[in-house]
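Trainee: I'd like to learn how to read a structure like this one. Could we go through it feature by feature?

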Amino acid sequence: MAEDLKIIEGSKEQIYLSLIPQIKGLIDGESDLVANLANITAALKEQFNWLWVGFYLVKNDELVLAPFQGPVACTRIKKGRGVCGTAWQSATTLIVDDVEKFPGHIACSSLSRSEIVVPIIRNNEVIGVLDVDSESLGHFDEADQRFLEEIISGISFAPGS
Ligand code: SME
C-alpha cells in the first residue's frame, strides 16, 4: 500500500472530501487502535497543519492522552474540566471560537486560540475525544464538526484492539 497522503488545496469541503477516503484506506483492515489513531492524527496534521490534533481516551474515569501531533500536551483531564472534559460530560461536540473566553479552558499551548472537541461515543457512552487546536481565532465551524464526526464514526474500538 502506498503510504503517501495526497495533499490538496481547495475549500474546506473539498479538502475533507479528498482526505476522508484516504483516512478510511489507512485504517480499514488494521485492527490496532493506537496505529489507527496515530495515522488519523498524522493525516489531519499533514493536510491542515493545525497547531495540535489528537485523541484523549477515557481510562479509569479520566481522559488520558493518546496519539497526537503537535506540541507536548497535558496527560490527564478530569470529567467536566476544560473543553475536553466538558465535551465528555455533555457528550456533545464543542466549538470554541476564543479559548480565552471559555471558563476553565486548559491551556496546553499558549499559542492556541480556538478549539474543537468531538466526543467519541460508542454504546451511548463517551469513550474518548478528538481535540483540535488552532492558532487562529474562530477557526472551526459546523463543517469541521460534520467531517470530524464522520472520521470518528469510522474508527473501530473493538475490545482488544
Ligand atoms: N485545551 C484542552 C486541553 C487539551 S490541549 O488543548 C491539547 C481543554 O481545555 O480541554
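Mentor: Rolling a probe the size of a water molecule over the atoms shows where empty space is left. Here the count comes to two cavities of 30 Å³ or more. A cavity is a set of points, on a 1 Å grid over the protein atoms alone, where a 1.4 Å probe fits but cannot get out; lining residues have an atom within 4 Å of a point. Grid points are joined across faces, edges and corners, and a volume is the space filled by probe spheres set on the points.

Trainee: What kind of model is this, and how are residues numbered?

Mentor: This is a predicted model: local features need pLDDT of at least 70, side-chain atom pairs count only at pLDDT 80 or more, and totals for chains, interfaces and linings use all residues. Residues are numbered from 1 along each chain as its sequence is written, and side-chain values use heavy atoms, with hydrogens and water left out.

Trainee: What volume does the largest cavity have, and which residues are closest to its centre?

Mentor: The volume of the largest cavity is about 180 Å³. It has 18 lining residues, and those closest to the centre are I106, C108, E115, D131 and D133.

Trainee: Which elements supply the lining of the largest cavity?

Mentor: At least two residues each come from β1 (52-59), α3 (82-90) and β6 (125-134). Those labels are DSSP runs numbered from the N terminus: helices are H or I with at least four residues, strands are E with at least two. Helix α3 gives the most, with three residues.

Trainee: And how does that lining divide by class?

Mentor: Into 11 nonpolar, four polar and three charged residues. Ala, Val, Leu, Ile, Met, Phe, Trp, Tyr, Cys and Pro count as nonpolar, Asp, Glu, Lys and Arg as charged, and the others, Gly among them, as polar.

Trainee: What lines the second largest cavity?

Mentor: I20, I23, K24, I27, E150, I151 and G154 line that one, and its volume is about 30 Å³. Helices α1 (12-27) and α4 (142-153) each supply at least two of the lining residues, with α1 giving the most, four. By class, this lining has four nonpolar, one polar and two charged residues.

Trainee: How many disulfides does a search of the whole structure find?

Mentor: First the idea: a disulfide is a covalent bond between the sulfur atoms of two cysteines. The search looks for a pair of cysteine sulfur atoms within 2.5 Å, and across the whole structure it finds zero.

Trainee: Is C74 buried, exposed or partly exposed?

Mentor: The cut-offs settle it: buried means under 20% relative accessible area, exposed over 50%, partly exposed in between (1.4 Å probe, protein chains only). C74 has 22% relative accessibility, so it counts as partly exposed. C108 is partly exposed too, because its value is 36%.

Trainee: Which residues does Y16 touch?

Mentor: Contact means heavy atoms within 4.5 Å. Not counting residues up to four places away in sequence, Y16 touches P21, F48, W50, D144, F147 and L148. Y16 sits in helix α1 and counts as buried because its relative accessibility is 0%.

Trainee: Where is Q47, and what is in contact with it?

Mentor: Q47 belongs to helix α2 (residues 33-48). With neighbours within four places in sequence left aside, Q47 contacts K6, I7, I8, I15 and L19. Its relative accessible area is 9%, so Q47 is buried.

Trainee: What do the buried residues of α3 pack against?

Mentor: They pack against β1, β2 (62-69), β3 (76-78), β4 (94-96), β5 (114-122) and β6. The buried residues in α3 are G82, V83, C84, G85, A87 and W88. Just after α3, A91 takes a positive phi of about 55°.

Trainee: How many bridges join β5 to β6?

Mentor: Two strands pair if DSSP finds at least two bridges between them. For β5 and β6, which run antiparallel, there are nine; I116 has V132 in β6 as its bridge partner. Three bridges join β4 to β5, also antiparallel, and there V96 is partnered by E115 in β5. Strand β5 is mostly covered, with seven of its nine residues buried.

Trainee: What about N123 in the hairpin of β5 and β6?

Mentor: That hairpin has two residues between the strands, and N123 takes a positive phi near 50° there. N123 is exposed, because its relative accessible area is 77%.

Methods:
On a 1 Å grid over the protein atoms alone, a cavity is a set of points where a 1.4 Å probe fits but cannot get out, and a pocket is an open set with protein on both sides within 12 Å along at least five of seven lines; lining residues have an atom within 4 Å of a point.
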